[in-house]
Amino acid sequence: MRRPALLGLAGLVLLAVCLLAGGWRGAAASYLAAWLVLLALPVGALPVVIVAERFGKRVRERGGIEMLAGLRRLMALMPVAAVLSLPLLAATPLLYPWVSAPARTPLAALWFTVPFFAIRAIVYLAAWTWLALRFARPFDAPGEGRTVPAVGLHAIVGTLFVTDVVASLDPRLDSTLLGLLVMTAWSGLAFAAAILLAWEEPEPVGRGRTAPGRGRLVPLVVLLGLWAYLHFVQFLIVWSANLPPEVTWYFARGGWVGRALAVVAGAVVVLAGLATLRPGRPTTRILAGAAVAVHALEMFWLITPAVRDRFVLRPSDVLAAAAVACLAAALRPVLRPRADRVASDARRAGRPA
């Protein structure tokens with residue numbers, strides 16, 4: 001336990017330095033963005049695992065066992081992400097403008113209150129933790145009675161969570177697509193991270209076999225394409241409506257850093273699509289690393305301009321990301337679920353997890 005203690009101490013020191021560098025509200029925004037990157041790993045992996053569980057036999061036949069094991073390793077981070085949300089609950093009065101602003105409707109007066117916000121956040125995280133633990137190990141047989149309600153619950157919880165935690169931070173954008181967009185980005189980030197974590201499948205042999213890396217690249221391209229499409233549709237709606245508050249939401253996320261991120265993200269999507277013509281394992285892993293970087297920066301793109309009114313990367317962002325990484329690494333051995341230990345034991349014994 002010496003290493004977790006050192007990592008935890010390093011995380012606390014980095015948080016203190018982040019607070020000095022960014023101030024109370026700036027540090028809270030940086031921490032929220034970094035925490036959303038951490039949360040994206042288990043929450044983004046969850047729907048992929050649930051859907052794969054529905055088609056378990058086909059996934060195993062196509063060599064997806066190692067990818068599912070990697071995704072389940074990411075799902076094991078859900079209790080860690082839930083614990084690391086506690087500083088954000090304490091910082092709610094500093095972050096969200098609705099705390100001091102007058103409510104626009106009677107429902108908003110009830111919905112956007114600090115105690116009720118904290119209760120909802122705990123319920124969301126508890127639901128995701130329950131789903132992560134329930135699907136931590138594969139079932140003996142696929143069943144729609146488990147998977148369909150689980151996907152529905154995830155969709156409802158995810159939409160409400162993004163509305164409460166992300167959208168209400170900067171209410172200038174009134175978009176019903178934001179929840180689906182963020183959840184798609186989370187799944188893309190988690191799937192790309194699983195590609196980097198998972199062991200390589202055996203080389204395909206015989207005619208009719210897919211090329212190495214194609215089985216992992218194609219789902220990644222689908223997630224990236226859907227994510228890019230949702231971004232385009234949301235931007236097109238804002239552009240056609242030409243409402244000043246929503247336009248200023250995009251202006252705050254523009255600048256040379258925001259435009260550079262958009263260009264890089266578009267290049268990653270296009271290159272990933274072209275890579276399907278000649279897939280390969282090194283290419284797939286390079287594109288997966290690029291997708292992880294783009295989606296991680298996207299969380300800062302969504303959050304920090306609400307506080308700074310422009311998208312720039314500051315030292316507090318780097319410090320918050322490092323602090324969250326250290327604290328997550330320190331808490332993971334303590335909060336490691338039993339199902340994750342069983343999966344690791346199965347892997348060491350040579351059986352599929």
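## Basis of the description

Helix axes are lines fitted to C-alpha atoms over the stretch in contact, with angles running from 0 to 180 degrees between N-to-C directions, and helices are DSSP runs (H or I, at least four residues) numbered from the N terminus. The model is predicted, so local features need pLDDT of at least 70 and side-chain atom pairs count only at pLDDT 80 or more, while totals for chains, interfaces and linings use all residues. Residues are numbered from 1 along each chain as its sequence is written, and side-chain values use heavy atoms, leaving out hydrogens and water.

## Helices α1 and α3

The axes of α1 (residues 2-54) and α3 (residues 65-75) come within 8 Å and cross at roughly 140°. That makes α1 oblique to α3, the class left once angles under 35 degrees (roughly parallel), over 145 (roughly antiparallel) and 65 to 115 (roughly perpendicular) are set aside.

The contact (heavy atoms within 4.5 Å) is made by L41, P42, A45, L46, V48, V49, A52 and E53 of α1 together with L68, L71, R72, L74 and M75 of α3.

## Aromatic pairs

Across the whole structure there are 13 aromatic pairs, counted where ring centres of Phe, Tyr and Trp (its six-membered ring) lie within 6.5 Å, with planes under 30 degrees apart called stacked, over 60 edge-to-face and the rest tilted. The rings of W98 and F112 are tilted, with centres 5.4 Å apart and planes at 40°.

The pair of W128 and W186 is edge-to-face, because the planes stand at 75°, with the centres 6.2 Å apart. W128 lies in α8 and W186 in α10 (residues 178-197), so this pair ties together parts 58 residues apart in sequence. W35, Y124, W128, F161 and W186 form one aromatic cluster.

Methods
Helices (H or I, at least four residues) and strands (E, at least two) are DSSP runs, numbered from the N terminus.
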